[in-house]
Amino acid sequence: MDACLWDQEMYEMTDIPSKNDVVMGELNGRGEGVIGVMSGRNKISLHKGSLISLQEHADNKYSGMRVAFASSADTPFAEKVGRATLKLLEVLPGLTIWDLVVNRDWKGEDINQIGRQPPLSSNKARSHFPRLKEASGIRYDRMLFFDDCQWGDHCGMVASGCKEKDSGLGPVTVRTPQGIREDEWRLGMENYAMHSKKLME
């Protein structure tokens, strides 16, 4: 999530945001809602591509699509900041990310893998993704993963370390070093469509 879904790193934040810390504004032409939350002097906001992707998901543009987060937030405090932010930032007026992803997609169950405290670790291929697969029931080769990491290659590690035995394929991955932009979101969906055709051959 950090610097990928939104524009801040949670370990750098000073306060857990609350309803008193919301910043209102225009949600990509869809009306006024919560476009940011303050953590001390820092404002946390979704990247444009992230907002577009979540709005399209809210509109049910991609049948059967469900969303979950795999974040290696550094500390327990950073985890709390992240979850609080998910419950405040809005995708559409009155619809938070948490409402969409946890309440709608997973019927209220929080399957997100956030942090690096045991049983999680800094290696998403060894901890976050196996746990996501178990919790969601979704095969690795039916997943699409976006990641911004610039000090390592999470995308490469997940793609090579999380493969299905029968297909030999893992998640489709897209690196987003500046956070999810609209063109990277489109690229991910295009690559996933080609990937899906390969699975059906």
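**Helix H3 and the overall fold**

Lysine 107, which follows H3, has a positive phi, near 55°. The model is a predicted one, in which local features need pLDDT of at least 70 and side-chain atom pairs count only at pLDDT 80 or more, while totals for chains, interfaces and linings use all residues. Residues are numbered from 1 along each chain as its sequence is written, and side-chain values use heavy atoms, with hydrogens and water left out.

Helix H3 spans residues 97-105, and its buried residues are Ile97, Trp98, Leu100, Val101, Val102 and Asp105, where buried denotes under 20% relative accessible area with a 1.4 Å probe and protein chains only. These buried residues of H3 pack against helices H1 (48-58) and H2 (76-86) as well as strands S5 (90-92) and S6 (95-96), a contact being defined by heavy atoms within 4.5 Å.

In the protein as a whole, six helices and nine strands are present, taken as DSSP runs (helices H or I, at least four residues; strands E, at least two) and numbered from the N terminus. The radius of gyration is 16 Å, which agrees with the value near 17 Å that a compact globule of 201 residues would have; the radius is taken over C-alpha atoms, and the globule rule is 2.2 Å times the number of residues to the power 0.38. The C-alpha trace spans about 50 × 35 × 30 Å along its principal axes. Of the 201 residues, 49% are buried, and among contacts with a separation of 6 or more, 66% are accounted for by residues 24 or more positions apart.

Note on methods:
Buried < 20%, exposed > 50% of the residue type's maximum accessible area, 1.4 Å probe, protein only.
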